Amino acid sequence: IVDSTLPTVGVFAKATPKDTPKAVVTETGEGIRSVTEASAAAVKPSVTDVQVKDGEDYGKGVIFYLRDSKIVGVLLWNVFNRMSIARRILKEGKSYDDLTEE
């Protein structure tokens, strides 16, 4: 069971005009989420050092719910066409450290 008492790790980024449901439908020509997810390109996560400035709007991100350092839940915030990746992370029993290694 995933709940708000679990430790979390959040990773956020600046949203772009492409980070909206309308943009995804416009780009793919498909309004059915499962179809657009199947055709989404793979994205390799990267770790960078970013200086956060006051007032900057970070409108998209991922929150990982952890139990004993293992990812047991994933919340995608304005991140589209990545549900299959989130499901795979949960199915494979990944730890957060597994995702940050290069």
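I started with the accessible surface, which comes to about 7,800 Å² for the protein, by the Shrake-Rupley method with a 1.4 Å probe. Carbon and sulfur atoms hold 53% of that surface. I then looked up burial: of the 102 residues, 19% count as buried (under 20% relative accessible area; exposed is over 50%, partly exposed in between, with a 1.4 Å probe and protein chains only).

**Ground rules.** I am reading a predicted model, where local features need pLDDT of at least 70, side-chain atom pairs count only at pLDDT 80 or more, and totals for chains, interfaces and linings use all residues. Residues are numbered from 1 along each chain as its sequence is written, and side-chain values use heavy atoms, with hydrogens and water left out.

**Layout.** I noted four helices and three strands (DSSP runs numbered from the N terminus: helices are H or I with at least four residues, strands are E with at least two). Along the sequence I read β-α-α-β-β-α-α. I also checked contacts (heavy atoms within 4.5 Å): among those between residues at least 6 apart in sequence, 60% join residues at least 24 apart.

**The sheet.** My next stop was an open sheet of three strands, ordered E1-E2-E3 with antiparallel pairing (two strands pair if DSSP finds at least two bridges between them). Strand E1 (8-13) and strand E3 (70-77) are at the edges with a single partner strand each, so one side of each has no neighbour in the sheet. The twist from one strand to the next averages 15 degrees (axes are lines fitted to C-alpha atoms, for helices over the stretch in contact; angles run from 0 to 180 degrees between N-to-C directions). I found six bridges joining E1 to strand E2 (residues 60-67). Phe12 has Gly61 as its bridge partner in E2. Helix H3 (residues 83-91) packs on the sheet, touching E2 and E3, and its direction makes about 170 degrees with that of E3.

**The core.** Which residues form the largest nonpolar core? I listed Val62, Phe64, Leu66, Ile71 and Ile89 (a core is a set of buried Ala, Val, Leu, Ile, Met, Phe, Trp, Tyr and Cys residues joined through side-chain atoms within 4.5 Å). E2 gives the largest share, three residues. Leaving out residues up to four places away in sequence, I saw Val62 touch Val9, Gly10, Val11, Val74, Leu75, Leu76 and Val79.

**Asp97.** Last, I looked at Asp97, in helix H4 (residues 96-100). Asp97 counts as exposed because its relative accessibility is 52%. Asp97 and Ser69 are 28 residues apart in sequence and 8.2 Å apart in space, C-alpha to C-alpha.
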